[in-house]
Amino acid sequence: MGVHSASELVLAGLDPEQRAAVTAPAGPVCVLAGAGTGKTRAVTSRIAHRALTGEVSPRHVLAVTFTARAAAEMRARLTALGAQGVQARTFHAAALRQVRYFAPRLLAGRAMPELLDSKARVVTLAAARVGLRTDRAAARDLAGEIEWAKSSLVEPGEYVVAAAKALRDTPHEPAKVAEVFAAYERLKRSNGVIDFEDMLRAAVWGIEEHPDVAEQVRGQYRHFVVDEYQDVNPLQQRLLEAWLGGRDDVTVVGDASQTIYSFTGATSAYLVDFPRRHRGATVVRLVRDYRSTPQVVGLANAVISQARGTEARLRLELLGQRPTGPEPELRIFTDEPAEAAAVATRCRALVDAGTPAREIAVLFRTNAQSEAYEKALTEAEVPYVVQGAERFFERVEVRQAMVALRAATRSIPGETPLRVAVVEGLSAVGWAPDAAPAGGAARERWEALAALVQLAEEHAASPPVLPIGEAAAVERPVTLADFNDELARRAAQQHVPTVEGVTLSSLHSAKGLEWDAVFLVGLSEGTLPTTYARTAEQVEEERRLLYVGITRAREWLWLSYAVARSPGGRARRPSRFLPQLDRSGGGTERAGTERAGAERAGAGAAKRAERRRPQMVSCRICGATLLSGPDRKLGRCPTCPSDIDQDLYERLHDWRARVAGAQKVPAYVVFTDATLVALAERRPGRPEELIAIAGIGPRKIGLYGELVLALVGGAAVDDVCPEKTFEIEP
């Protein structure tokens, strides 16, 4: 295949905005890419198109992102597009590679310091040095605060002032945190170790202070791509500027509406200001959402349309490109255990109906909320995986499995089909394909090893992709030894396989992921937004967290909150970010309007507003609070199973038509369709059961109550509709 046809192939199937991003001229390019708009495809296609047309050499391109998973996906796509040789790495991996390479020159032959995997142990010792006793959680909080300071280029002596300016919610009195910070730095130096921020700083120092290093780095990397640019912190931005060295061939990709990591030092300011800092920059907006249904996209737009502040200047209104889907469900429960039980029940129903468990996620604001859902899913015998709880390749059963698979290469013939070889190798650790235990820890372990088998199937079906135009090599079967090499590569990059189980994840950890069905739970004031969000900027970041959660869903979305934390507990309000909770069966005001007005009028008005609200109606099947008028009439959620008496419904329908005809009024004036369905499902036997159905008041009971009860009791329509008119007094 020729170069021209290969580059044209890269452009095939791109929408107009993606094509504009791919073919933008050399120089500064800013791609504002909304959730689900194909940003990874656009950015990798841009790199490949420039490489295949000869505009750039792949080995001179450095693409950086924030997770090993995202970097691995970029490399795979670039390989498939024929752009081998491009370096696609995280900021930390790229910096570490450079620091290690130049260490002999920069350190005058001394060994490079050991890199800390975690700050917690050293932070604990540092805290003790300054008279502060800490447990694991406190050490983690202090480590996070030190990480924020170093990422923000703040030194220990500057911390108190910087924390005050940034309105930091510090884990201890700021002066004490500064002491711990200083002691932490001293301990690292005395022990000859560095942390990840030190390593980034070393990469910056090597370029800024050593002209020979700068010349070599800049000679190697001449064209840059930065993914998730809204998440860069000042230290990472300084490293990027050191790499660039005043040049401007840089493409940045980001979405200000997904800025959710400011607590770590990340800032969208660099994305927002990019066109100002780079005069003449090309700016492209990707707004066609290929991930979610129009219903999910519409809700996401409604939530983010209320955003205010700096990030809102770059707000994108997404355009859903997928076929229509179900409306998002909005549920209220009496307490958190009821909410968790209902979510687990619905997960069980989705799995039983054919939705793979790995395509379902339960997302929450804080990791502490996970426990209730772990328990509920275990009781419902639904397998689950806790996102971020433990690295996949560090799990005991996975490490044991990898040892067993390496040992199996000595006894399993090379021509054995890969899946068969892997299953046979895993038998040494007690795994069998047809022996999945019930939900819980045992099921979770089984699913982790099942993920290795699934990965083997995918690996066997996907032979290496050759560069476009290169003659195909002679194919050979993928062997167990090949698969072991692939596992080692993935373990080094933390490129984990997909585990079969419902994903439990915080909203922060869910960013960059997507599922067919998503449950957004615990959406109450004090949780989302958290009580720690005190400034306008912090509240806006909480809004963006909900936006990120909504845009994780492809088809099916559930939003819920519990009135109380525990049975009989103090009542809470729904999140101010939620769309209108239709409590009366009518009206479409946005959520938060009623509450905001009540707060302005004072506590007394708020109490009066509470008293005016109708009594909550619960689903008689799953227990969820019913919000819309039709659902309240039915007495059940629209997705809960119906137990309608079809014969009764037909008789009621026939009777309504006769009554409406006699009275010369539309049929809905007698009873709406929803009321007929409710009658045929609930089959009331007494007047008090009739009036319990929303939409049937005393007047209609007086007019039709006796006749309806007769029909429910089995009477024929002719028996209750003699030849007479139904006259209604004016």
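User: Which ring residues link up with F66 into a cluster?
Analyst: Ring pairs join F66 to F91, F224 and W243 in a cluster. A pair here means rings of Phe, Tyr or Trp (its six-membered ring) with centres within 6.5 Å; planes under 30 degrees apart are called stacked, over 60 edge-to-face, and the rest tilted. Please keep in mind that this is a predicted model, where local features need pLDDT of at least 70, side-chain atom pairs count only at pLDDT 80 or more, and totals for chains, interfaces and linings use all residues. Residues are numbered from 1 along each chain as its sequence is written, and side-chain values use heavy atoms, with hydrogens and water left out.

User: Thanks! What does W243 touch?
Analyst: Leaving aside neighbours within four places in sequence, W243 is in contact (heavy atoms within 4.5 Å) with L62, V64, F91, A94, Q98, I207, V217, R218 and F224.

User: And which residues have the most contacts inside the largest nonpolar core?
Analyst: Those are F224, V226, Y229, L239 and W243, in a core of 43 residues. The term covers buried Ala, Val, Leu, Ile, Met, Phe, Trp, Tyr and Cys residues joined through side-chain atoms within 4.5 Å. Buried means under 20% relative accessible area, exposed over 50%, and partly exposed in between, using a 1.4 Å probe and protein chains only.

User: Which helix gives the largest share of this core?
Analyst: Helix α5 (residues 91–106) does, with seven residues. Helices (H or I, at least four residues) and strands (E, at least two) are DSSP runs numbered from the N terminus. Apart from that core lies another, of 36 residues, among them A553, Y561, F577 and L578.

User: What about W655 and F671?
Analyst: W655 and F671 also form a tilted pair, with 6.2 Å between centres and 35 degrees between planes. The pair links distant parts of the chain, 16 residues apart: W655 is in helix α27 (residues 646–663), and F671 is in the loop between α28 (667–670) and α29 (673–682). Both W655 and F671 are buried.

User: New topic: how many salt bridges?
Analyst: There are 44, each being a side-chain nitrogen of Lys or Arg within 4 Å of a carboxyl oxygen of Asp or Glu.

User: Which partner does E514 have, and where do the two sit?
Analyst: E514 pairs with R291, the closest N and O atoms being 3.1 Å apart. This bridge links distant parts of the chain, 223 residues apart: E514 is in the loop between α22 (507–510) and β15, and R291 is in the loop between β9 (288–289) and α15 (294–304). E514 is partly exposed at 31% relative accessibility, whereas R291 is buried at 12%.

User: What about E540 and R543?
Analyst: That salt bridge has its closest N and O atoms 3.1 Å apart. E540 and R543 both lie in helix α23, three residues apart, about one turn of the helix. E540 is buried, and so is R543.

User: Which residues share partners in a salt-bridge network?
Analyst: K39, D227, E228, D231 and K511 are joined into one network.

User: How many disulfides does the structure hold?
Analyst: Zero, where a disulfide is a pair of cysteine sulfur atoms within 2.5 Å. As for individual cysteines, C30 is buried at 1% relative accessibility and C347 is buried at 0%.

User: Last one: where is L528, and what does L528 contact?
Analyst: L528 is in the loop between β15 and α23 (536–550), and L528 is buried at 0% relative accessibility. Leaving aside neighbours within four places in sequence, L528 is in contact with R365, L507, L523, E542, L545, L546, S575 and F577.
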